[in-house]
Amino acid sequence: MREIYADNAATTALSPMVLEKMMPYLTKVYGNPSSLYGIGQEAKNAVETARQNIAKNLGAKSASEIYFTSGGSESDNWALKGICQRLKAKGKKHIITSKFEHHAILHTCKALEKEGFEVTYLDVYEDGIVKPEDVANAIREDTAIVSIMYANNEIGTIQPIAEIGKICREKKVLFHTDAVQAAGYVKINVEEQNIDLLSMTAHKIHGPKGCGLLYIRKGILINNLIEGGAQERNKRAGTENIAGIVGLDAALQHAVDTIDERTERLKVLRDKLIDGLLEIPKSRLNGSREKRLPNNVNMCFEGIEGESLLLRLEMNGISASSGSACTSGSLDPSHVLLALGLPHEVAHGSTRMTFDESTTEEDIDYILEVVPKIVKLLRDMSPLWEKIKDK
Ligand SMILES: *Cc1c(COP(=O)(O)O)cnc(C)c1O
């Protein structure tokens with residue numbers, strides 16, 4: 001049976017090329033970068049070389065704007081808590097974000113609400129796109145930060161980041177973006193796009209788990225999230241994850257080098273799959289078709305449970321998801337699909353498939369052969385389908 005991993009938005013396979021670059025730092029060069037002898041300094045050099053290269057690949061002015069973290073969740077927590085707690089003394093107590101952010105942002109906002117911050121959760125409408133004018137209208141005297149994700153992890157919609165960045169810059173409000181899903185699939189340039197803070201993680205782009213970064217524009221004052229040693233210029237304590245950092249750099253470099261061909265190819269496969277699946281009666285694509293990550297397909301098939309579809313896909317060798325990895329396992333409908341205005345019963349029936357450069361046209365053909373059969377089978381067993389099929 002064909003095995004297809006179609007859950008690259010949850011995590012990706014570590015690329016052999018990346019592992020090879022990491023290996024020396026997992027074996028021979030085990031020194032602590034804070035130590036003065038040879039293997040310590042060698043490790044330190046590896047971290048600083050990665051920092052410079054990553055800064056260049058993100059369009060940052062200086063390597064000193066890149067801070068390594070344990071991943072996307074830490075970076076998101078740090079950006080919001082670090083800025084808000086810093087600006088509170090200046091009377092800033094308002095945060096603007098969207099309804100469909102990753103929980104690393106939403107739950108951080110909830111925690112900050114308990115500390116007295118007020119949060120505006122912007123609508124994302126039916127197409128899953130934040131309107132820049134809504135951001136402009138929501139900004140107040142006391143707004144500390146705007147945080148809007150670059151691309152959504154469930155439905156893959158790409159947000160007008162440069163426009164939002166421009167508005168924030170004009171209104172002198174800090175702008176953070178969670179670019180975990182966009183990195184490697186959309187061209188990011190923090191200078192051109194007026195981004196003040198940006199979160200990224202290695203494991204969504206074929207790098208290792210447990211390593212990410214927060215870009216912080218020079219001159220921005222931010223409180224620490226992790227206190228301790230003097231690493232990361234006194235801003236983020238903890239002995240550096242050298243191999244992880246080297247892996248993050250190698251993964252991003254590969255993604256940047258191949259972005260045009262890779263995304264063009266993926267778009268063709270994605271569109272073939274979307275067109276094929278839309279031929280199933282009462283199916284719909286969730287989120288904008290045009291402003292969408294090249295590797296994301298998220299569909300609803302009315303009358304069936306996303307979870308039952310997933311089980312059948314699994315039996316056929318296809319690993320997919322019913323939404324984000326963090327909410328699946330619970331039976332709550334996805335907060336992202338609810339934010340699009342989908343009714344609960346429809347939001348339950350969604351399936352996300354996310355691809356990578358190893359995905360082939362044969363994989364897509366196989367999915368197109370399997371899914372319509374499963375949907376028919378499940379609908380034939382569904383009492384709900386009896387009621388809605390002729391509507
Ligand atoms: C995966 C993900 C995160 C969390 O990143 P980790 O490195 O797993 O902590 C944050 N934001 C988005 C949009 C994600 O997809």
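I started with Leu14, which comes out partly exposed, because its relative accessibility is 35%. This is a predicted model, so I treat every value here as a property of the prediction. Leu14 sits in the loop that runs between β1 (4-5) and α1 (16-26). I then checked which neighbours share its surface. Leu14 belongs to a nonpolar surface patch together with Leu19, Met23 and Leu26. Taken together, the four have about 330 Å² of accessible area.

Next I looked for open space. The largest pocket holds about 290 Å³. I count Leu87, Lys90, Leu174, Ile220 and Leu221 as the closest to its centre, out of 15 lining residues. Which elements supply at least two residues each to this lining? I noted α3 (72-87), β5 (143-147) and α6 (161-170). Sorted by class, the pocket lining has 7 nonpolar, 6 charged and 2 polar residues.

**Cavities**

Rolling a probe the size of a water molecule over the atoms shows where empty space is left. I get 2 cavities of 30 Å³ or more. The second largest cavity has about 40 Å³ of space. Its lining is made up of Asn8, Val180, Gln181, Tyr185, Lys204 and Asn295. By class, I have 3 polar, 2 nonpolar and 1 charged residues around the second largest cavity.

**Val135**

Is Val135 buried or exposed? Val135 is buried, because its relative accessible area is 0%. I find Val135 in helix α5, which covers residues 132-138. I also looked up its spacing to Val146, which is 11 residues away along the chain. The C-alpha atoms of Val135 and Val146 are 8.1 Å apart.

**Salt bridges**

I ran the salt-bridge count with the cut-off of 4 Å between a Lys or Arg side-chain nitrogen and an Asp or Glu carboxyl oxygen. The total is 25 salt bridges. I wrote up some of them below.

Lys110 pairs with Glu113, and the closest N and O atoms are 3.8 Å apart. Why are these two separated by about one helical turn? Both are in helix α4 (residues 103-114) and they are 3 residues apart, so about one helical turn lies between them. For Lys110 I have a relative accessible area of 42%, so Lys110 is partly exposed. Glu113 is partly exposed too, because its relative accessible area is 29%.

Arg217 and Asp196 form another salt bridge, with 3.1 Å between the closest N and O atoms. This pair links distant parts of the chain, 21 residues apart. Arg217 lies in the loop between β8 (212-216) and α7 (231-234), while Asp196 lies in the loop between β6 (174-178) and β7 (197-201). I checked burial for both partners: Arg217 is buried, and Asp196 is buried as well.

Glu386 forms a salt bridge with Lys389, where the closest N and O atoms are 3.3 Å apart. Is Glu386 buried or exposed? Glu386 counts as exposed, because its relative accessibility is 51% and the cut-off for exposed is over 50%. Lys389 is partly exposed, because its relative accessible area is 34%.

I also found a network of salt bridges, which links Lys93, Glu118, Arg140 and Asp142.

**Backbone check**

Last, I went through the phi angles. Most residues other than glycine have a negative phi, and most peptide bonds are trans. What is the phi of Glu232? I read a value near 50°, which is positive in a residue other than glycine. Glu232 is in helix α7. Its relative accessible area is 5%, so Glu232 is buried.

Arg233 gave me a positive phi as well, near 50°, and it is likewise a residue other than glycine. Arg233 is also found in helix α7. For Arg233 the relative accessible area is 36%, so Arg233 is partly exposed. I have put Glu232 and Arg233 down together as the positive-phi entries in my notes.

Terms used. Residues are numbered from 1 along each chain as its sequence is written. This is a predicted model: local features need pLDDT of at least 70, side-chain atom pairs count only at pLDDT 80 or more; totals for chains, interfaces and linings use all residues. Side-chain values use heavy atoms; hydrogens and water are left out. Patches are made of residues with over 30% relative accessible area and no salt bridge: like charges are joined within 9 Å, nonpolar side chains (Val, Leu, Ile, Met, Phe, Trp, Tyr) within 5 Å. Accessible areas come from the Shrake-Rupley method with a 1.4 Å probe; for residues, only the protein chains shown count as cover. Helices (H or I, at least four residues) and strands (E, at least two) are DSSP runs, numbered from the N terminus. Buried means under 20% relative accessible area, exposed over 50%, partly exposed in between (1.4 Å probe, protein chains only). On a 1 Å grid over the protein atoms alone, a cavity is a set of points where a 1.4 Å probe fits but cannot get out, and a pocket is an open set with protein on both sides within 12 Å along at least five of seven lines; lining residues have an atom within 4 Å of a point. Grid points are joined across faces, edges and corners, and a volume is the space filled by probe spheres set on the points. Ala, Val, Leu, Ile, Met, Phe, Trp, Tyr, Cys and Pro count as nonpolar, Asp, Glu, Lys and Arg as charged, and the others, Gly among them, as polar.
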